[in-house]
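Morning, everyone. I have one structure to show today, and I'll keep it short.

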Amino acid sequence: MRISSKSKIAFDVILDIAAHTEHGHAISMPLISQRHGLSLSYLELIFAVLKSSGMIRSHRGPGGGYSLVRQPETISLKDIVTAIDGEPNPGAELGAELWVDLQSFMLEKMSQITLDKVLRESNVKIEPSTKGLFCMKPEPKIKVSSKSAEKSLKKSPPKKLKPQLGPNSIFSFGKYLALNKA
């Protein structure tokens, strides 16, 4: 099994997000880019995968940024590697059975390495500029009866959707130009 550098970077980035989320702060993509020496376009690719796999979420507006969706103890190295690189496929080589056994051993070990465990062993510095920016820490899921959920839904007014004024990234800008070219 090969772990790509993209997976290693994704783990470092989500570890940074987890440290800030633990302190109740969101961290912006430009700050992460600066802290890790990565381009914003490369981070956008990684963040798109992490968001679609339900590990991080974005907070819009002034003081916005990224935070964890799930608890750090529920996100493992295996989750991140398989989200970024996909499920490993050993192939049909002569020693395929040996590689399958080694791969399953590695996946088992990677599933035991959680963000929470690594956070406790490392000293990720919290960015001072995020100290005024608060986000919601991921809460443990609590079962709610359907009656109380219905009551809370009735009380909240409907949200108004803001019209999208234009693209919000270089990739959507390219699509925007391609669509409006015709």
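Which residue just after H1 takes a positive phi? Gly24 does, at about 85 degrees.

Some ground rules. This is a predicted model, where local features need pLDDT of at least 70 and side-chain atom pairs count only at pLDDT 80 or more, while totals for chains, interfaces and linings use all residues. Residues are numbered from 1 along each chain as its sequence is written, and side-chain values use heavy atoms, with hydrogens and water left out.

Now the layout. The protein chain has 8 helices and 2 strands. Those are DSSP runs numbered from the N terminus: helices are H or I with at least four residues, strands are E with at least two. In sequence order the pattern reads α-α-α-β-β-α-α-α-α-α. Of the 182 residues, 31% are buried. Buried means under 20% relative accessible area, exposed means over 50%, and partly exposed is in between, with a 1.4 Å probe and protein chains only. Take contacts (heavy atoms within 4.5 Å) between residues at least 6 apart in sequence: 72% of them join residues at least 24 apart.

On to H1. This helix covers residues 5-22, 18 residues in all. Its span is 26 Å from first C-alpha to last, close to the expected 26 Å. That expectation is 1.5 Å times one less than the number of residues. Buried positions in H1 include Phe11, Ile14, Asp16 and Ile17. The buried residues of H1 pack against helices H2, H3, H4 and H6, and against strands E1 and E2.

The largest nonpolar core has 32 residues. By nonpolar core I mean buried Ala, Val, Leu, Ile, Met, Phe, Trp, Tyr and Cys residues joined through side-chain atoms within 4.5 Å. Ile14, Ile17, Phe47, Ile56, Leu68, Ile80 and Leu115 have the most contacts inside it. H1 gives the largest share of this core, 8 residues.

Next, Gly65, in strand E2. Gly65 counts as buried because its relative accessibility is 6%. Beyond its neighbours within four places in sequence, Gly65 touches Ala26, Ile27, Ser28, Arg57, Ser58 and His59. Gly65 and Pro30 are 35 residues apart in sequence, yet 9.2 Å apart C-alpha to C-alpha.

Salt bridges: there are 3. The criterion is a side-chain nitrogen of Lys or Arg within 4 Å of a carboxyl oxygen of Asp or Glu. Arg35 meets Asp16 at 2.9 Å, N to O. Arg35 lies in H2 and Asp16 in H1, so this pair ties together parts 19 residues apart in sequence. Asp16 is buried at 3% relative accessibility, while Arg35 is partly exposed at 30%. Arg70 pairs with Asp79 at 3.4 Å, N to O. Both are partly exposed, Arg70 at 27% and Asp79 at 25%. Arg120 and Asp116 come to 3.3 Å between their closest N and O atoms. Both lie in H6, 4 residues apart, about one turn of the helix. Arg120 is exposed at 62%; Asp116 is buried at 18%.

Last, the surface. Leu45, Ile170, Phe171, Phe173, Tyr176 and Leu177 form a nonpolar patch of about 570 Å² accessible area together. Areas come from the Shrake-Rupley method with a 1.4 Å probe, and for residues only the protein chains shown count as cover. Patch members have over 30% relative accessible area and no salt bridge; nonpolar side chains (Val, Leu, Ile, Met, Phe, Trp, Tyr) are joined within 5 Å, like charges within 9 Å. Helix H8 supplies the largest share, 5 residues.
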